[in-house]
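Here's a quick briefing on the fold you're about to look at. Have a look at the model first, then work through the notes below.

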Amino acid sequence: MEYHHASEMNGVVSEYLNMHIESTHNDLCKEKDSQKLSLIEKSYSTILSELGEDVSREGLLRTPLRAAKAMQFLTKGYKETTQDILNDAIFDENHEEMVIVKDIELFSLCEHHLVPFFGKAHIAYLPNKKVVGLSKLARIVEIYSRRLQVQERLTKQIASAISEALEPAGVAVVIEAVHMCMVMRGVQKMNASTVTSVMLGKFHDDPKTRKEFLALTMRK
């Protein structure tokens, strides 16, 4: 009885210590995030001042803070991983036919000018005895688009993440996007759009499979 009681006590103490460690870690992370937010806010204030604005006027009093929070949200993908979101969402399933999720809206920031580009992603994979919750494909797009990006790399990262997680027979990703760095500045072409694609596995090796994917995704 004494041994059993001691074992229970050890379990309670261990659980308490783990909770305390996790709580301390979370507090440190929040403090670090707060410090980062303050630094970004100061940087935005400096930028506005150097542009000739009066940061003390009513309309701009909270703009540096709002901009800092917005930038943290727009780049929150740096703090997320595919492992986090796919943890309990991969299932054994005897299915080998093509799975397509199309028209996934995405918003990202061009790393060259820090202005938005936005559009849609089309994803397909050929299961190899494993399938993933469909919403998780959209979450993968979200993780990588919420970073400073170029469209070419974004397309490849999405395809690679799905390939590594599911080990399918093939993965295909197509992204169609409008870049505000081409619309608002530079060449200022309102109707220009950019299409990028990555084909892995059977989508790369088999023209018929690739053609089927493109026919299904590009159909309006």
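Two strands count as paired if DSSP finds at least two bridges between them. Helices (H or I, at least four residues) and strands (E, at least two) are DSSP runs, numbered from the N terminus. With that in hand, five strands form an open sheet with mixed pairing, in the order E5-E2-E3-E6-E7. Its edge strands are E5 (148–149) and E7 (194–201), each of which pairs on one side only.

Some ground rules: this is a predicted model, where local features need pLDDT of at least 70, side-chain atom pairs count only at pLDDT 80 or more, and totals for chains, interfaces and linings use all residues. Residues are numbered from 1 along each chain as its sequence is written, and side-chain values use heavy atoms, with hydrogens and water left out.

**Whole chain and confidence**

- The chain's secondary structure comes to eight helices and seven strands.
- Of its 220 residues, 32% count as buried; buried means under 20% relative accessible area, exposed over 50%, and partly exposed in between (1.4 Å probe, protein chains only).
- The accessible surface of the chain is about 14300 Å², and carbon and sulfur atoms hold 55% of that; these areas come from the Shrake-Rupley method with a 1.4 Å probe, and for residues only the protein chains shown count as cover.
- Take the contacts between residues at least 6 apart in sequence: 70% of them join residues at least 24 apart, where contact means heavy atoms within 4.5 Å.
- Average pLDDT (the predictor's confidence in each residue, from 0 to 100) is 90 for the chain, and 86% of the residues score at least 70.
- Among the elements, helix H1 (residues 2–50) has the lowest mean pLDDT, 74, while E5 has the highest, 98.

- Strands of a sheet pair through backbone hydrogen bonds, either parallel or antiparallel.
- E2 and E5 run parallel and are joined by two bridges; here Leu109 stands opposite Leu148 in E5.
- E2 and E3 run antiparallel, with nine bridges between them.
- Within that pair, Val99 has Tyr125 in E3 as its bridge partner, and Ile100 has Ala124 in E3.
- The hairpin of E2 and E3 has five residues between the strands, and Leu114 in it takes a positive phi near 60 degrees.
- E3 and E6 are antiparallel too, joined by ten bridges, and Ile123 stands opposite Val173 in E6.
- E6 (residues 170–179) pairs with E7 in the antiparallel sense over eight bridges, with Ser197 in E7 as the bridge partner of Val174.
- H8 packs on this sheet, touching E2 (99–110), E3 (116–126), E6 and E7, and its direction makes about 135 degrees with that of E3; axes are lines fitted to C-alpha atoms, for helices over the stretch in contact, and angles run from 0 to 180 degrees between N-to-C directions.
- Eight of the eleven residues of E3 are buried, so this strand is largely enclosed by the rest of the structure.

- Thr209 sits in helix H8 (residues 207–218) and is buried, at a relative accessible area of 8%.
- Not counting residues up to four places away in sequence, Thr209 touches Met98, Leu126, Lys202 and Phe203.
- The side chains of Thr209 and Asp206 are joined by a polar contact of 2.8 Å; a polar contact is a pair of N or O atoms within 3.5 Å, and within protein one must be able to donate a hydrogen and the other to accept it, while residues adjacent in sequence count only if both atoms are side-chain atoms.
- Thr82 is in helix H3 (residues 82–86) and is buried as well, with a relative accessible area of 9%.
- Leaving out residues up to four places away in sequence, Thr82 touches Ile140, Ile143, Tyr144 and Ala161.
- Tyr44 belongs to helix H1 and counts as partly exposed, at 22% relative accessibility.
- Neighbours within four places in sequence aside, Tyr44 is in contact with Pro64, Ala67, Ala68 and Met71.
- Tyr44 and Val55 are eleven residues apart in sequence and 9.8 Å apart in space, C-alpha to C-alpha.
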